[in-house]
Amino acid sequence: MAALNTNLQHLTKAAQKAGRIGIGLMSGTSLDGLDIAICKFAGSGLQTQFELLHFTTIPYPDSFKDDVRSVFSRRQVDLEKVCLLNDFIGEYHAELILQTLKDWKTDPTEVDFIASHGQTIYHAPKRLHGHEGYPSATLQVGDGDHIAVKTGILTISDFRQKHLAAGGEGAPLALYGDVLLGSKIGEDRILLNIGGIANLTYLPGNGNLERVLCSDIGPGNTLIDTFCRSLFDKPFDEYSAIAFSGSVNDDLLSSLFRHPFFAETVPKTTGPELFSEDYVRKAQERSDTSHINAEDLIATLSAFTGKAIVDFVSAHLPKGAKLFVSGGGARNLFVVQYLQRHLPESLIGDTAELGIDPDAKEAILFALLGNEALAGEALVIGNNPAVLMGKFSFAG
Ligand SMILES: Nc1ncnc2c1ncn2[C@@H]1O[C@H](COP(=O)(O)OP(=O)(O)OP(=O)(O)O)[C@@H](O)[C@H]1O
Ligand SMILES: CC(=O)N[C@H]1[C@@H]2OC[C@@H](O2)[C@@H](O)[C@@H]1O[C@H](C)C(=O)O
């Protein structure tokens with residue numbers, strides 16, 4: 001039998017190690033920056049032990065945000081720009097990793113793998129695109145080969161396609177990480193991530209994986225951010241100062257909920273393709289609230305995020321589960337206080353209480369999915385796709 005080539009030898013060696021050092025990368029819908037987590041793993045699957053060694057978010061410059069926003073969640077785009085961004089983001093992320101490893105005084109040869117989410121530029125579950133004959137689809141750019149060649153580190157990327165191929169919507173992948181790192185026998189838990197979009201995983205305390213539910217909920221901060229940018233020239237509503245200075249407009253709030261997405265069966269996914277400026281403008285027209293002042297609009301959008309979460313929890317989950325928040329939205333005080341007021345039976349904290357840095361959670365998730373791609377086995381969690389995700393890119 002011929003020997004494995006050097007790439008496959010390297011891959012086999014990485015897969016057979018008892019422990020691995022992996023970098024997880026997340027660049028989310030908020031476009032605030034690149035989250036980089038370096039983790040130490042021992043084992044895999046339900047036996048995974050992990051330690052977060054370092055975490056950082058490298059903020060994106062405005063020029064980069066503008067470039068990505070020129071195509072992000074838009075139906076009509078400059079296709080050349082999409083093509084350029086795919087390779088550019090791969091190279092750019094590789095550069096940021098190399099700089100960060102220097103700051104952490106870690107040599108790239110110490111890292112067994114990089115697990116890269118890439119940048120979502122369009123998310124199109126079948127329910128939302130509605131094009132007869134086309135499946136659910138999603139597109140993340142930031143090519144993995146560029147990351148592998150530039151860093152010299154084995155790279156795993158494009159995780160969402162396998163989930164789609166196996167019948168899912170390509171998201172939320174938090175399911176797999178949350179089950180592995182967040183479950184506790186004897187405690188019903190909800191792990192709620194409030195990023196651009198809000199999603200949650202329900203982890204029943206009886207350990208019954210059939211009962212686990214992981215779904216997107218609706219907007220997290222995306223609409224608040226959009227209108228903070230256009231009305232206040234601010235990237236987001238820091239600690240909800242603007243929302244607290246306004247009043248919720250109940251007519252607009254009801255109108256914002258007038259969309260079939262909220263009544264659809266779970267699990268489901270969504271994105272800024274649906275929850276856009278246009279979505280809000282239409283809700284304002286329907287409710288004759290186009291005239292409300294900017295502070296009231298931000299307060300109402302913040303209540304929209306809060307109420308969507310409360311409605312979801314009340315409709316789909318047993319009462320009294322402990323709720324742990326993560327994502328930048330853990331600092332959205334208006335939303336967090338809304339949850340405390342309207343879910344009084346749920347004790348609310350953040351994932352730091354579980355030993356998971358709330359800002360690092362999604363980057364850790366991808367590191368964990370990378371570890372699974374190398375050494376795990378497909379996990380059966382109810383009807384969710386039971387597959388190992390990610391595509392391998394070699395440095396040589
Ligand atoms: N101090 C703060 N006060 C209020 N909101 C904040 C604060 N810090 C961050 N945020 C919100 O959190 C957002 C970033 O969250 P995060 O990085 O978790 O999102 P993401 O990973 O890009 O999104 P997704 O998980 O949907 O892909 C910011 O855009 C902002 O709206
Ligand atoms: C297509 C896409 O990028 N979806 C993101 C987005 O951001 C939050 C929510 O929508 C979630 O479904 C998903 O990300 C997380 C990491 C997930 O897959 O769990």
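Me: Why does G43 count as partly exposed?

Reply: The relative accessibility of G43 is 28%. Buried means under 20% relative accessible area, exposed means over 50%, and partly exposed lies in between, using a 1.4 Å probe and the protein chains only; G43 therefore counts as partly exposed. A word on the ground rules: this is a predicted model, in which local features need pLDDT of at least 70, side-chain atom pairs count only at pLDDT 80 or more, and totals for chains, interfaces and linings use all residues. Residues are numbered from 1 along each chain as its sequence is written, chains are lettered from A and ligands numbered from 1 in the order in which they are written, and side-chain values use heavy atoms, with hydrogens and water left out.

Me: Where is G43 found, and which residues is G43 in contact with, leaving aside its neighbours within four places in sequence?

Reply: G43 sits in the loop that joins strand 2 (33–42) to strand 3 (49–59). Helices (H or I, at least four residues) and strands (E, at least two) are DSSP runs, numbered from the N terminus. Once sequence neighbours within four places are set aside, the contacts of G43 are A18, R20, T48 and N371, where contact means heavy atoms within 4.5 Å. N371 is 328 residues from G43 in sequence, yet their C-alpha atoms are 8.7 Å apart.

Me: How do you know that strand 8 and strand 9 pair?

Reply: Two strands pair if DSSP finds at least two bridges between them. Strand 8 (residues 197–203) and strand 9 have six, in the antiparallel sense, and T201 has C214 of strand 9 as its bridge partner. By that rule they pair.

Me: What makes strand 9 and strand 11 edge strands?

Reply: Each of them, strand 9 (213–219) and strand 11 (348–350), pairs on one side only. They belong to an open sheet of five strands in the order 9-8-7-10-11, with mixed pairing. On average, neighbouring strands there are turned by 25 degrees against each other, direction ignored.

Me: What makes strand 10 mostly covered?

Reply: Four of the five residues in strand 10 (residues 322–326) are buried.

Me: Which strands does helix 7 touch, and which does helix 12 lie across?

Reply: Helix 7 (residues 174–182) packs on the sheet and touches strand 7 (189–194), strand 8 and strand 9. Helix 12 (residues 294–316) lies across strand 7, strand 8 and strand 9. Helix 7 makes about 45 degrees with strand 8, while helix 12 runs at about 150 degrees to strand 9. Axes are lines fitted to C-alpha atoms, for helices over the stretch in contact, and angles run from 0 to 180 degrees between N-to-C directions.

Me: Which residues of helix 13 are buried, and what do they pack against?

Reply: F334, V335, V336, Y338 and L339 are the buried ones in helix 13 (residues 333–342). The buried residues of this helix pack against strand 7, helix 9 (241–245), helix 12 and strand 11.

Me: Which residues of helix 8 are buried, and what is the phi of D233?

Reply: In helix 8 (residues 222–232), the buried residues are T222, L223, I224, D225, T226, F227 and C228, and they pack against strand 8, strand 9, helix 9, helix 11 (277–287) and helix 12. D233 follows helix 8 with a positive phi, near 55 degrees. Most residues other than glycine have a negative phi, and most peptide bonds are trans.

Me: What is the phi of S73, and what is the phi of D158?

Reply: S73 has a positive phi near 60 degrees, in the loop between helix 2 (62–69) and helix 3 (79–103). For D158 the value is near 55 degrees, again positive; D158 lies in the loop between strand 6 (155–157) and helix 6.

Me: What is omega of the cis peptide bond that joins A171 and P172, and of the one that joins V266 and P267?

Reply: Between A171 and P172, omega is about -20 degrees, and P172 belongs to the loop between helix 6 (160–165) and helix 7. Between V266 and P267, omega is about -5 degrees, and P267 belongs to the loop between helix 10 (250–256) and helix 11.
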